[in-house]
Amino acid sequence: MGIKEIIIKFRINNCQRKIKYYKNKHSDLTDDIVINRKTKILGFKRLRYCNNNLSYTMPFAFYEPINENNKKLPLIIYLHGLGNGGESNIIPFFGGFPFAIRLIKNIKNNPCYIIMPSIPITETFVTVKNENKEFDNSDCFDGIFTNLLKKIKFCYPIDENRVYIIGSSDGAMGTYTQIKFHHNRYAAAIPLMGALFENDKDIYDDLFHIPLWIAHSKNDKVVPIKEFSENNFKWNGSDIIVNTLKVKGKENIKYTRYKSFGHRTSFIFMFKENWIDWIFKQTIKK
């Protein structure tokens with residue numbers, strides 16, 4: 001067993017140990033948000049959502065802006081890449097640092113609440129409906145996250161017409177499936193370095209009406225920009241996703257296609273592009 005495999009095994013064991021600890025500690029709760037660590041990162045609270053009805057708990061970082069008048073404010077969700085999670089609410093900042101730092105620098109001009117959930121490294125943000133299982137359960141990220149959102153919206157003045165989601169790599173794929181199953185929940189989305197199952201044709205109808213800003217790099221070898229196969233599944237990268245949506249007549253879409261940044265597109269995009277002004281202009285029109 002090499003060093004990398006030893007580290008992964010340690011992280012998985014540590015993850016399972018903490019899940020068991022928090023489940024036992026908060027077994028009397030129906031659902032609750034507890035403090036995971038007292039120290040903050042860039043002003044983010046380090047919290048954990050515990051729901052006794054589901055089979056695991058989820059750590060997340062949460063930013064609460066100054067809101068003296070209790071005004072309804074936007075909510076932005078960031079989904080990290082594969083392997084950048086685990087039972088820590090620090091690790092998502094490694095990949096999401098440019099996202100967090102840009103938002104915090106602009107928080108006075110664009111006050112908002114921010115959630116950065118963290119899932120085990122063995123799990124994915126991609127949600128797939130299974131006829132033999134309840135959709136709203138911990139066999140998929142969506143189950144526990146949907147319950148967490150309900151709790152956040154109950155506790156804080158969230159503008160439900162201005163809820164945004166941004167994802168990187170696996171988080172981008174999770175962003176797409178969040179829109180698929182909750183296309184009325186989000187006002188805009190930014191999937192970075194994402195892909196879709198080739199046989200999931202219906203999802204394009206769900207993506208059609210929501211404003212999208214997609215970004216990818218031509219030389220990405222981890223999540224290729226065109227067709228690729230992985231784990232016996234066929235995927236379509238951003239080139240095909242964007243082209244399919246445009247053929248269908250979608251107009252509220254932006255596509256930033258880099259040439260040479262590989263699987264570091266999210267870093268470049270977050271620092272370079274004017275995504276903050278763009279996303280805060282989007283709202284659900286009723």
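1. A charge is taken to sit over a ring if NZ of Lys or CZ of Arg is within 6 Å of the ring centre and within 35 degrees of the ring normal. In this sense K254 lies over the face of W213, at 4.4 Å from the ring centre.

2. The model is a predicted one, in which local features need pLDDT of at least 70 and side-chain atom pairs count only at pLDDT 80 or more, while totals for chains, interfaces and linings use all residues. Residues are numbered from 1 along each chain as its sequence is written, and side-chain values use heavy atoms, with hydrogens and water left out.

3. Two or more lining residues come from each of α4 (170-181), β10 (227-230), β11 (233-236) and α7 (265-272), where helices (H or I, at least four residues) and strands (E, at least two) are DSSP runs numbered from the N terminus. By class, 14 of the lining residues are nonpolar, 10 polar and three charged, with Ala, Val, Leu, Ile, Met, Phe, Trp, Tyr, Cys and Pro counted as nonpolar, Asp, Glu, Lys and Arg as charged, and the others, Gly among them, as polar.

4. The second largest pocket has a volume of about 350 Å³ and is lined by 19 residues, of which H183, N184, Y186, H209 and I284 are the closest to its centre. This lining divides into six nonpolar, six polar and seven charged residues.

5. There are 15 aromatic pairs, meaning rings of Phe, Tyr and Trp (its six-membered ring) with centres within 6.5 Å, where planes under 30 degrees apart count as stacked, over 60 as edge-to-face and the rest as tilted. F62 and Y156 form a tilted pair, 4.9 Å centre to centre with 50° between the planes, and both residues are buried (under 20% relative accessible area, 1.4 Å probe, protein chains only).

6. An open, antiparallel sheet has the strand order β8-β11-β10, strands being paired if DSSP finds at least two bridges between them. Because β8 (196-197) and β10 each have a single partner strand, one side of each is left without a neighbour in the sheet. Two bridges join β8 to β11, and L196 stands opposite N236 in β11.

Notes:
1 Å grid on protein atoms, 1.4 Å probe; cavity = no way out; pocket = protein on both sides within 12 Å on 5 of 7 lines; lining within 4 Å. Points joined across faces, edges and corners; volume = space filled by probe spheres on them. Buried < 20%, exposed > 50% of the residue type's maximum accessible area, 1.4 Å probe, protein only.
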